[in-house]
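Hi everyone, thanks for coming.

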Amino acid sequence: MMYAGCVLQLLFVRHQFKIAFFSELKQDTQNALKNYRTAYNLVHELRAHETNMLEIKTMAGFINYKICRLCFQHNTPLDAIAQFRKHIDLCKKKIGSAELAFEHAAWMSKQFQAFGDLFDEAIKLGLTAIQTQNPGFYYQQAAYYAQERKQLASMLCNHDSSVVYPNPDPLETQTGVLDFYGQRPWRQGTLSFDLSDPEKEKMGILSLQLKERNVLHSELIITLLSNAVAQFKKYKCPRMKSHLMVQMGEEYYFAKDYAKALKLLDYVMCEYRSEGWWTLLTSILTTALKCSYLMAQIKDYITYSLELLGRASTLKDDQKSRIEKNLIKVLMNESPDPEPDCDAAAVKASQKLWSDRVSLAGSNVFTIEVQDFIPFVQCKAKFLAPSFHVDVPVQFDIYLRADCPHPIRFSKLCISFNNQDYNQYCVVEEAYQKSDILEQSSQGTMCLVPGKTRKFTFKFVAKTEDVGKKIEITSVDLILGSESGRCVILNWRGGGGDAASSQEALQAARSFKRRPKLPDNEVHWDSLAIQASTMIISRVPNISVQLRHEPPALTNEMYCLVVTIESHEETVAKDVKLTAGLKPGQDANLTQKTQVTLRGTDTCDDSFPALLPDIPVGDLQPGEKLEKPIYIRCGTVGARMFLVYVSYLINTTVEGKEILCKCHRDETVTIETVFPFDVAIKFVSTKLEHLDRVFADIPFLLMTDILSASPWPLTIVTSQLQLSASMTSVDQLESYVENVVLQTGESASECFCLRCPPVTNSGGVATGCYIISWKRSSPVESVPVVRTVITLPHVIVESIPLHVKADLPSFGRVRESLPVRYHLQNKTNLVQDVEVSMEPSDAFMFSGLKQIRLRILPGTQQEVLYNFYPLMAGYQQLPSLHINLLRFPNFTNQLLRRFIPTHIFVKPQGRQADENSIAAA
Amino acid sequence: MAVCIAVIAKENYPLYIRSVPTENELKFHYTVHTSLDVVDEKISAMGKAMVDQRELYLGLLYPTEDYKMFRKLHNSYTDIMCNPFYNPGDRIHSRAFDNMVNSMMMQVC
């Protein structure tokens, strides 16, 4: 009954599979998927036993593959993934026969690989994968099971070589093929769970195990890993990629392909180093060291040893000690001891290689650039100062520290600079016997004791040509071993440091931890900062430069700046040169408007330079003092920076070496330039009333007012009025301010009477210019007179039709007749009708024509005569004259007031006769 | 269950890493290191989308457990950061932190 049910169940699976396959042929993929899923569930309902386990798994694998493939085809990748996970969960524990456990691992690997392929295929057809869900993970898992297979195989298939493959071959069938997939060839057609023939069973298993021995596991693993690497590279997982490459490297190592292993490991090492994963780095380095040992690659062997001994290595001290001893052996040109856990046959082969290397002469010097990894010797170079004067020896320290367990000797330490001439002064060398190297004495100067910082101080005299230049340490070389044995040059570019030192320095800088006190001659390694370059600067000058002047400077004057140079040197200062003038780098306009000269007696023009370079002054004896006046003309106001630079040559001795130093001292001074005075120009009428325009042919006054703005007294030597052609002076033009001294805030005024003939254009008329010749009253040195030209403003000239001029005495007296004559002058070429009237005033009686109408011919004048009789004393208003021009209604009395006086001073009547009455009063 | 607990500095080097002593330590180191790929990706995505910055839990990093655990670990880490004698960036050597990590590993084992 049970038996038949079992068969029936088997048929169910078969039936469903067939329907599904048929649907697939019909391209009815939905139905196909449905039926495959039913078939898959039915497979797992079968009773599983050791004898049919393989068949069940094989079938489950087939059906699963179909389901996943259809799911991807339906663009439901999540269904595919879910199905695959279910499949793995269901089958993971179905190992079957323990003696054939490798078979299960191989099957698991195959499942993952197949799913990975399906996934990858789907991506090629347009599916998008993500970082956390991509085919890489399935290949990686496949590789994992392949590795497990290898391990199981090595455990289960390590039969003695005397065991022979069974005959007849239990894996052979009559037809040469199996009836059904997943069945055992020696058990075909048997459905029973019992083992009918245990002996036959044993032979079958043995033959499978012996076959497994021939499988190249490493090759399978590497292929799967490299598939995974390609995927992770695509999905931006650099660390996963590195991890898989490490695994690949390790697999190559197991497969004895050490060259490939080393290449892969070397490639990924730096990633772990740069991210500071020391445990992982140490593990990779250990494998790499084994590879390089087995290949007898000396340089690689030394490089990995250097790092495994370093502070980043997490190896135990006994391991480090072993590696250090091996390293010393290599340095003495001996074969190192084999690395632990290496394949015995490979070790044998490598020992042969090592002995060949040892006997081979030449190529025994290796230069290893240690900057990019973390060697066991740390190096820091430090100049004692960021700059050195050329007459002081340059000093720097090289700090070395070893992190290995035992003290190590070195043979030479040399430093290279950007100027190679200095290299020869910076070498520490000690010749030592070959045997000394093992004698780990901590006494010698050339010995590095673990955990202790060694300091080497170097000193050299900089060349005078290097003044102003940077001296840089380009490399530090530490030589381990000797020429006779093997020589390893540890080369640090620049001032030392390695792959981890910058992060360490950063952490040390952040730390608030108090460091324990150390003896005077020792320093804390972390607190040392690399200083790989220094500046050579010129010798400190021993002269003084003083400037004497009277600021501020006045515009356009020859400003005197007296430079006093005094030597405090012990010996003669030779070839003293002075550079003086406007400091370069200021506004370009200032350069145009500043002139500097040594000759103060002449006024300089615009062709003079703003800076006088390298004026030879000659030699300066010790204690000698020298004065040099410099004249500066500033054309514009404002602040200027002036530079006074004195350079000279002097012989000095440094460390018993005579050098010729160039020294210089510079002084800068900011000088403000101000206007010496303000000049105000005014036009006024003859009545001293302000004029905004003048009238043609009518005299007016030009008033000038010089207001001193200088803090120093000014002497106005003379002044001069230069009139333009359109102006004429009424009387002699002469200066009234000659040799006037003006203190600050004082002013000097002048007045000139001018007349302007009628002009045709209505615009302004140039007046001319006003020239002031002046100088400081008390200059430092005798300086020329400065001529300042002031252009006078334009004036608007207007013609008037009628000019009235009054002719009257300067004062009147009470009750005494005051004759007044008005001249009416026709300025037009028309006949003018004039209405003249006289308005009476309270203070005067007058006789004359009160109202009259007259006619004046062109260019002629008429006189109107009045006799005023003052009645009151004091400043009295005159009777006012009114004129009305019939042709020119614009001619108002207002305008008239400008020309004729309106008031007059009236004196009281004399009382000579009445002196007594005053006395009585 | 917790088999390995690690605290990683922002420069991606481990400040603290501890795993169940019975298991292969190296394997866990590799696992933690590879999961940083996902952290990098998540953080860069965070910068773009400006998601809630106060949410520090990034979720599962490896396609293979517990938010409460993260909170506990993060609080303990914060305590270390508040220690005036701790220099940010140094590897963590703290008994309190060790005990907390131990309790987290014990609790679930």
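Let me begin with a question: how many salt bridges does the rule find across the interface of chain A and chain B? The rule finds three of them there. Before I go on, please keep in mind that this is a predicted model.

The accessible surface of chain A is about 45,900 Å², and carbon and sulfur atoms account for 52% of that.

Now chain B. Here we have 109 residues, and 34% count as buried. Chain B has three helices and two strands, and if you read from the N terminus, the elements go β-β-α-α-α. Its accessible surface comes to about 6,900 Å², with 58% belonging to carbon and sulfur atoms.

So what happens where they meet? The size of an interface is often given as the accessible area lost when the parts come together. For chain A and chain B, the buried area is about 2,400 Å², and carbon and sulfur atoms give 54% of it. The contact involves 25 residues from chain A and 26 residues from chain B.

Let's zoom in on one pair. R239(A) makes a salt bridge with D37(B), and their closest N and O atoms are 3.1 Å apart. Polar contacts are there too: between chain A and chain B, 15 residue pairs are in polar contact, counting pairs with both residues at pLDDT 80 or more. And which parts of chain A do the touching? Helices α6 (135-156), α9 (238-254), α10 (258-275), α11 (278-295) and α15 (501-510) of chain A each supply at least two residues of the side that touches chain B. Sorted by class, that side of chain A has 10 nonpolar, 10 polar and five charged residues.

Side chains of opposite charge can pair when their charged atoms come close. Over all chains, the structure holds 36 salt bridges.

Here's one inside chain A: the side chains of K66(A) and E24(A) meet in a salt bridge, at 3.2 Å from N to O. K66(A) sits in helix α3 (residues 53-73) and E24(A) in helix α1 (residues 2-25), both of chain A, so this pair ties together parts that are 42 residues apart in sequence. Are these two buried or exposed? Both K66(A) and E24(A) are buried.

A second one: D391(A) pairs with R539(A) in a salt bridge, with the closest N and O atoms 3.6 Å apart. D391(A) is in the loop between β3 (387-389) and β4 (394-402) of chain A, while R539(A) is in the loop between β12 (533-537) and β13 (543-548) of chain A, so here the parts tied together are 148 residues apart in sequence. R539(A) has a relative accessible area of 10%; buried means under 20%, so R539(A) is buried.

D575(A) is partly exposed at 35% relative accessibility, and K577(A) is partly exposed at 27%. Salt bridges can also link up through shared partners, and that is how R239(A), E275(A), D37(B) and D40(B) are joined into one network.

Last stop: a serine. Where is S735(A) found? S735(A) is in the loop between β26 (728-729) and β27 (740-742) of chain A. Its relative accessible area is 17%, so S735(A) counts as buried. What does S735(A) touch, leaving out residues up to four places away in sequence? The answer is T718(A), S719(A) and E750(A). With S719(A), there is a side-chain to side-chain polar contact at 2.8 Å. And a polar atom of the S735(A) side chain lies 3.3 Å from the backbone nitrogen of V737(A).

Key:
Residues are numbered from 1 along each chain as its sequence is written. Chains are lettered from A and ligands numbered from 1 in the order in which they are written. This is a predicted model: local features need pLDDT of at least 70, side-chain atom pairs count only at pLDDT 80 or more; totals for chains, interfaces and linings use all residues. Side-chain values use heavy atoms; hydrogens and water are left out. A salt bridge is a side-chain nitrogen of Lys or Arg within 4 Å of a carboxyl oxygen of Asp or Glu. Helices (H or I, at least four residues) and strands (E, at least two) are DSSP runs, numbered from the N terminus. Buried means under 20% relative accessible area, exposed over 50%, partly exposed in between (1.4 Å probe, protein chains only). Contact means heavy atoms within 4.5 Å. Buried area is the accessible area (1.4 Å probe) that two parts lose on being put together, summed over both. A polar contact is a pair of N or O atoms within 3.5 Å; within protein, one must be able to donate a hydrogen and the other to accept it, and residues adjacent in sequence count only if both atoms are side-chain atoms. Ala, Val, Leu, Ile, Met, Phe, Trp, Tyr, Cys and Pro count as nonpolar, Asp, Glu, Lys and Arg as charged, and the others, Gly among them, as polar. Accessible areas come from the Shrake-Rupley method with a 1.4 Å probe; for residues, only the protein chains shown count as cover.
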